[in-house]
Amino acid sequence: MAPKRDERFVDRVFVTRRGTPKLVPCAVLFVDLLGVREMNRSPKARDHLIALERAVTGMYRDYLRPESPWPASFFSDTLVLASPVMPYSDEESSIGGLVLQAAWLQLNLIAEGFFVRGGLSLGKFHIRDGLIFGPALADAAELEHDVAVHPRIVLSRETEASQRRDLRFYGQPEQSPQNAMLLCDSDGWTFINYLGLLFDEPDDPRPALEAHRDQVTSRLVEHRGNKRVWEKYRWVAEYHNEVVRQRLPSEPALLVGAAAMTWQFGAFA
């Protein structure tokens, strides 16, 4: 049966012909914007609201278009984004497309001062008219809450395995999109290498790396008195410096400085 002319993408995908909701195989992204809860109580709450609106709604409105292939839901400080595995596609491409969207989302949010933590899972999911449900949602939320820890978006084991299976189609796996967009952390989890995007664009990556360096340094200074939070941005600084050393080894000025990354001690008397 051909879809109605004004039928939405979510109605074609997440509803049966009888009009009942259904679960669909999807790659699902669950991200939490860090620090928003504290911003709600800040004396500068109005300024934070304006920055949040500017950071989120531009991309979010694109996701809300009737024909957007990435259905989304945004509430409080949380964004959920889905990439359905369609009959004419495969899970590897659905995951890869969502990885790319997540990387752009991170870059755009960080440019406005909002770091994120999240999870990307694969499984059954439903999203339509504000209702989100399914095991893939639970898995992605669990990754964000229990695994990510730092400002990073981690892939579930199943999602990572799917991306590794796709490497068999590349004669040189190191030249694959996955190798450019994903990194492995020392704790054994794979996460999205959002800074890798900067090296696939025609523009010079240095200005964006400088801005990222300055955002991270500012957070390290700001949270110097709260070691739990400071350690999260210390991780981002290590990630930033690793990317710079790998891709621009002759540009030490782009590194986050050692002074900002070193815990400070004081004399007892």
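Mentor: A crossing is called left-handed if the near helix is turned anticlockwise from the far one by less than a right angle, and right-handed if clockwise. Helices are DSSP runs of H or I with at least four residues, and strands are runs of E with at least two, numbered from the N terminus. The model is predicted, so local features need pLDDT of at least 70 and side-chain atom pairs count only at pLDDT 80 or more, while totals for chains, interfaces and linings use all residues. Residues are numbered from 1 along each chain as its sequence is written, and side-chain values use heavy atoms, with hydrogens and water left out.

Trainee: At what angle do the axes of H8 and H9 cross?

Mentor: Two packed helices are described by the angle between their axes and the distance between the axes. Here the axes of H8 and H9 cross at roughly 155° and come within 9 Å (lines fitted to C-alpha atoms over the stretch in contact, with angles from 0 to 180 degrees between N-to-C directions). H8 is therefore roughly antiparallel to H9 (over 145 degrees; under 35 is roughly parallel, 65 to 115 roughly perpendicular and the rest oblique). The crossing of H8 and H9 is left-handed.

Trainee: Which residues of H8 and H9 meet?

Mentor: Contact means heavy atoms within 4.5 Å. Leu209, His212, Arg213, Val216, Arg219 and Leu220 of H8 meet Trp230, Tyr233, Arg234, Val236, Ala237 and His240 of H9.

Trainee: How do H4 and H6 cross?

Mentor: The axes of H4 (residues 91–111) and H6 (residues 157–166) come within 9 Å and cross at roughly 110°. H4 and H6 are therefore roughly perpendicular to each other, and their crossing is left-handed.
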